[in-house]
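User: Please take a close look at one part of this model, and describe in a connected way how its residues are placed and what surrounds them.

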Amino acid sequence: MARAVLNIPVTVVMERKQVSRGRWSVPSWRAIGVAAGGRLASSEADGIPVRSGGDEDQLVWGGIPMELHSDWAESYRFNLIGENPSLYVICSPGEDDSLRPMMVTANFDEASAHLEADSQVFPTPIPPDIYKQMEKFVVEYYVPKPIRKRKRKKWSESPDR
């Protein structure tokens with residue numbers, strides 16, 4: 001079977017809060033959500049502010065890539081049938097303690113690899129329209145592996161004895 005890739009451009013909404021710790025103030029980030037469609041700010045390096053108030057800002061980035069690969073269909077299946085189906089927003093550090101979403105993935109293993117490479121990864125629930133696209137993709141490309149029983153060696157009949 002040929003490998004297939006489904007590209008889904010998405011829009012990411014992130015929240016930045018200034019958290020005070022003693023004399024220091026540091027930003028704390030979290031992903032608010034992801035939506036299918038990436039027409040908003042596709043060429044913006046910084047997020048477009050949607051809401052700003054006090055120490056809390058919500059920023060939107062559009063045109064963020066999300067790809068589903070047929071090779072990872074099993075991982076997507078486990079994500080969809082799991083207790084908390086999630087997308088993972090992978091961010092790289094920007095200037096002045098800012099973050100920029102680089103990509104979104106539904107593959108937990110890929111998200112873990114980025115986390116180990118010092119990227120920041122934020123989970124967020126899968127929106128219904130992306131869930132449906134993922135479900136269709138998994139149904140089309142996931143092929144369960146047949147269960148094979150291992151044959152035990154009979155140690156008593158080995159030629160060494």
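Analyst: In this predicted model, Gln18 is in contact (heavy atoms within 4.5 Å) with Ser25, Val26, Pro27 and Asp55, once its neighbours within four places in sequence are left aside. Local features here need pLDDT of at least 70 and side-chain atom pairs pLDDT 80 or more, while totals for chains, interfaces and linings use all residues. Residues are numbered from 1 along each chain as its sequence is written, and side-chain values use heavy atoms, without hydrogens and water.

Gln18 belongs to strand β2, strands being DSSP runs of E with at least two residues and helices runs of H or I with at least four, numbered from the N terminus. Its relative accessible area of 32% makes Gln18 partly exposed, a class between buried (under 20%) and exposed (over 50%), computed with a 1.4 Å probe on protein chains only. The C-alpha atom of Gln18 is 8.9 Å from that of Trp29, 11 residues away along the chain.

Strand β2 (10-21) is also among the elements that cover the buried residues of helix α3, together with others including β3 (24-36) and α1 (73-81). Those buried residues of α3 are Ile130, Met134, Phe137, Val138 and Tyr141. They lie on the same side of α3 because they cover an arc of only 100° around the axis, taken from the directions from the helix axis to the C-beta atoms. The face turned away from this buried side carries Pro128, Lys132, Lys136 and Val139, which are exposed.
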